[in-house]
Amino acid sequence: MEVRQSAPGKLVLLGEYAVLFGHPAVVTAVDRRARVTLREAADRVFQVTAPGVVEGPFRFDLAEDGAPRWTDDEASRRLGLVETILSSMTAAGILAPSELPPFSATLDTSRFFRSTANGPTKLGLGSSAALTVSFASAIARWAGRDESLHPPMRWLRQLLRLHRDHQRGRGSGIDLAAALLGGTLLYQLDKDGEVLRAEPVQLPENFVVRFVWTGHGADTGSFLDRLSARMATNRDGISSTLDELGAIAASGVAALTEARLGGFLEAADASCAGMERLGRECGMAILSEVHRDLRRLATESGVTYKPSGAGGGDIGLLLTDDPGRAEAAAESVRRAGFSTVDVSIDPVGLT
């Protein structure tokens, strides 16, 4: 028996931060995929290998609550996502540990990393979400619970609960939606933090995007922690800025649905400025010096720039309706010492 699942990464085009508070956002899947393979365990003992991330294999058996009992203490520290998925799927009634045939799992997220002088660095393309979607889906199939994956929106809501268990209740799930469904999506939460919509949207034919690596990763979790902490002391200022970002995102979504690329680019530019204001309100460098430098270079080339995701580092977007300007901007940032990232929009989600 063998089960294979893969899921793409993501880049947020519009609506960062505001999406956490019920405002709409736009996300696109990209063709860096997490790949999970489950095979029968030759020695009837569960084991996990994650090439390029941790040495392995790590062996374990399952407790009644689905928690792995590792034979190596390092595994619990390095493979926390595996622990959470197995435990949470058991709590949700998807798994019965005593009935689950032992597997040998290979979790490959190598395409989400970039080699640097200090070793592999995450690009910020949603590796955790892509691995959650592909591993949880593979486990459901391995357990003979293929029906759990349908309909996709119900499975997305379940995946969001699983992922929040790993992230201490945080996260919008926008990266999970991209990984599960693929393509470009309009995404929004309801007032209770549940998925309200994850609907495909067609990007205009003249939409051009290039992706720029800032040179270092960003710790999204620490940014979200800081946002939550500052909400307690500066709620009015932060809420006002988040509302502004939400209104900007809504205008960009409307422009997309009406195929008005100019309106979307205006919203993206305003969003970049709004993220800078939010950073000042929270006391964190969402629009870091690197992002400001990239925005200046983009503006000089006549294109729109914004960070994708939490900001600080990771990936920036060069957005325009002119391929020539896009290439000129990409060349400009490369001359300045930055590098572009060769990714494309992936129309296919979980497969």
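Visitor: Which strands does helix α9 lie across?
Guide: Helix α9 (residues 289-300) lies across β11, β12 and β13, with contact meaning heavy atoms within 4.5 Å. Helices (H or I, at least four residues) and strands (E, at least two) are DSSP runs, numbered from the N terminus. This is a predicted model, where local features need pLDDT of at least 70, side-chain atom pairs count only at pLDDT 80 or more, and totals for chains, interfaces and linings use all residues. Residues are numbered from 1 along each chain as its sequence is written, and side-chain values use heavy atoms, leaving out hydrogens and water.

Visitor: And at what angle does α9 run to β12?
Guide: About 165 degrees; axes are lines fitted to C-alpha atoms, for helices over the stretch in contact, and angles run from 0 to 180 degrees between N-to-C directions. Helix α8 (residues 261-282) lies across β12 and β13, at about 45 degrees to β12.

Visitor: What's the strand order in that sheet?
Guide: β12-β13-β11-β14, an open sheet with antiparallel pairing; two strands pair if DSSP finds at least two bridges between them. The edge strands are β12 (304-307) and β14 (339-341).

Visitor: How many bridges link β11 and β13?
Guide: 6, between residues 208-213 and 315-320. W213 has I315 in β13 as its bridge partner.

Visitor: Is C272 buried or exposed?
Guide: Buried, at 0% relative accessible area; buried means under 20%, exposed over 50%, partly exposed in between (1.4 Å probe, protein chains only). C282 is buried too, at 0%.
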